[in-house]
Amino acid sequence: MCLADLRAAGAQFELLPDRVFSPGCSAVSSVKLIAVGIPVSNLGAVRCGLAVPFTQWVQTAVQQSASAWLDSPVVKIESFGSYACRPVNGMAGNKLSEHASANAVDISAFVLASGRRITVKQDWNGPDPNARNFLRALHQSACRRFRIVIGPNANALHHDHFHFDMGPGPYCR
C-alpha cells in the first residue's frame, strides 16, 4: 500500500532490500528517493512510511512557502541525510535514533532559482523576515505531516536543521 501511495505522489524511487545491522540498526521497508519534484541532496535509505509524507511536503509545502515568502522558487533542498546507525543526538548510552531505522530525515537548507541559499542555521533567526517566515511556515507544515518535528527552538543540537521522523509522537518544537 505504501509503495502505491508513493507512486501516486509522483515520486521516483528504488526499492531497497531489507537490511539489519549491528547493534539493532536496520533499513527495512525502505526506498531510495530518486526524484520527488525538487532535488534533495544526501538522502540514503528512507522507510516508505516516511518517504510518502516527505514527498508530499516537498511537492506542496516547500514551493507554496517559497511563493508566499520569497521571490524565487526552490530548486534544491539540502539534507544532512536519513539513515545513520546512531543513538539519539549521537550521545552514547541514549536509545537508538529514528535515523537508525531509516525513519528520519534532517533538512538544512534550500537553494532558490535566483541562486540564494536559505539555511536553517543562518536564517531561522536571521535579519531577513521573509526568510524567517519561510522557514517557520515549512516547520509548521511539517508538523502536520510527520509525527516528530524538531527545529532550532527545540534545543541547541537542532540549531542548523529540521529533523522529521515518523516515530512515536506527536511532538512539534
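With which residues is H158 in contact, leaving aside its neighbours within four places in sequence? In this predicted model, local features need pLDDT of at least 70 and side-chain atom pairs count only at pLDDT 80 or more, whereas totals for chains, interfaces and linings use all residues. Residues are numbered from 1 along each chain as its sequence is written, and side-chain values use heavy atoms, with hydrogens and water left out.

With those sequence neighbours set aside, H158 is in contact (heavy atoms within 4.5 Å) with N89, I150, G151, P152 and H163. H158 is found in the loop between β9 (148-150) and β10 (162-165); helices (H or I, at least four residues) and strands (E, at least two) are DSSP runs numbered from the N terminus. H158 counts as buried because its relative accessibility is 6%, where buried means under 20% relative accessible area, exposed over 50% and partly exposed in between (1.4 Å probe, protein chains only).

Strand β10 also holds D165, a buried residue with a relative accessible area of 4%. The C-alpha atoms of D165 and L50 are separated by 6.8 Å, although the two residues are 115 apart along the chain. Beyond neighbours within four places in sequence, the contacts of D165 comprise L50, E98, N103, A104, F146, R147 and I148.

Three strands form an open sheet in the order β1-β4-β5, with antiparallel pairing. Two strands pair if DSSP finds at least two bridges between them. The edge strands, β1 (12-15) and β5 (45-47), each pair on one side only. From one strand to the next, the twist averages 50 degrees. Four bridges join β1 to strand β4 (residues 30-35) in the antiparallel sense, and L15 stands opposite V31 in β4. Helix α2 packs on this sheet, touching β4 and β5, and its direction makes about 90 degrees with that of β5. Axes are lines fitted to C-alpha atoms, for helices over the stretch in contact, and angles run from 0 to 180 degrees between N-to-C directions.

Within helix α2 is T55, which counts as buried at 0% relative accessibility. Not counting residues up to four places away in sequence, T55 touches L6, A9, A11, L33 and V36.

Helix α2 (residues 48-69) also meets helix α4 (residues 129-143): their axes come within 9 Å and cross at roughly 155 degrees. The two helices are therefore roughly antiparallel, given that angles under 35 degrees count as roughly parallel, over 145 as roughly antiparallel, 65 to 115 as roughly perpendicular and the rest as oblique. The crossing of α2 past α4 is right-handed; a crossing is right-handed if the near helix is turned clockwise from the far one by less than a right angle, and left-handed if anticlockwise. On the α2 side the contact is made by W57, A61, V62, S65, A66 and W69, and on the α4 side by N130, N133, F134, A137, L138, S141 and A142.

Backbone geometry was examined in several loops. The peptide bond from G169 to P170 is cis, with omega near 5 degrees, and P170 lies in the loop between β10 and β11 (171-172). Phi is positive at S29, a residue other than glycine, with a value near 55 degrees. S29 is placed in the loop between β3 (25-27) and β4 and, at 47% relative accessibility, counts as partly exposed. A102, likewise a residue other than glycine, has a positive phi near 60 degrees. The loop between β6 (74-81) and β7 (104-112) contains A102, which is buried with a relative accessible area of 0%.
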